[in-house]
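Thanks for coming. Please have a look at it first.

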Amino acid sequence: MKQGVASKKNNVKVEPAAFGIIGGRKTMAAAIFEAPQRVKVKAVPVPEVKEDQVRIKIEGCGLCGSNLPVWQGLPWLNYPFAPGAPGHEAWGYID
């Protein structure tokens, strides 16, 4: 799929951005629910890790059945969601 073009098949849009450094901070790709049945991938700053935390480099993720309303879109949900939300069905490794 070309950057900046939404795929009609999967409703995912990739923002044309250089993943790497923005404003002096390292960035990563993040999938964000923009609207019901529409996801955008954009560059966001890599979160800083606090002393009692670990950061996971995600290799893949799914959507739990309990979060299907986010995909479907219900009147009381507010879009866009924050990067990583909803999110408890991911796997990867500690970076």
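Ile94 counts as exposed, because its relative accessibility is 58%, where exposed means over 50% relative accessible area, buried under 20% and partly exposed in between, with a 1.4 Å probe and protein chains only. Before going on: this is a predicted model, in which local features need pLDDT of at least 70 and side-chain atom pairs count only at pLDDT 80 or more, while totals for chains, interfaces and linings use all residues. Residues are numbered from 1 along each chain as its sequence is written, and side-chain values use heavy atoms, with hydrogens and water left out.

Ile94 sits in strand β6, residues 90-94. Strands here are DSSP runs of E with at least two residues, helices are runs of H or I with at least four, and both are numbered from the N terminus.

Asn67 lies in the loop between β5 (56-61) and α1 (68-72). Is Asn67 buried or exposed? Asn67 is buried, because its relative accessible area is 14%. Setting aside neighbours within four places in sequence, Asn67 contacts Pro86 and His88, contact meaning heavy atoms within 4.5 Å.

For the protein as a whole, 21% of the 95 residues count as buried. Of the contacts between residues at least 6 apart in sequence, 50% join residues at least 24 apart.
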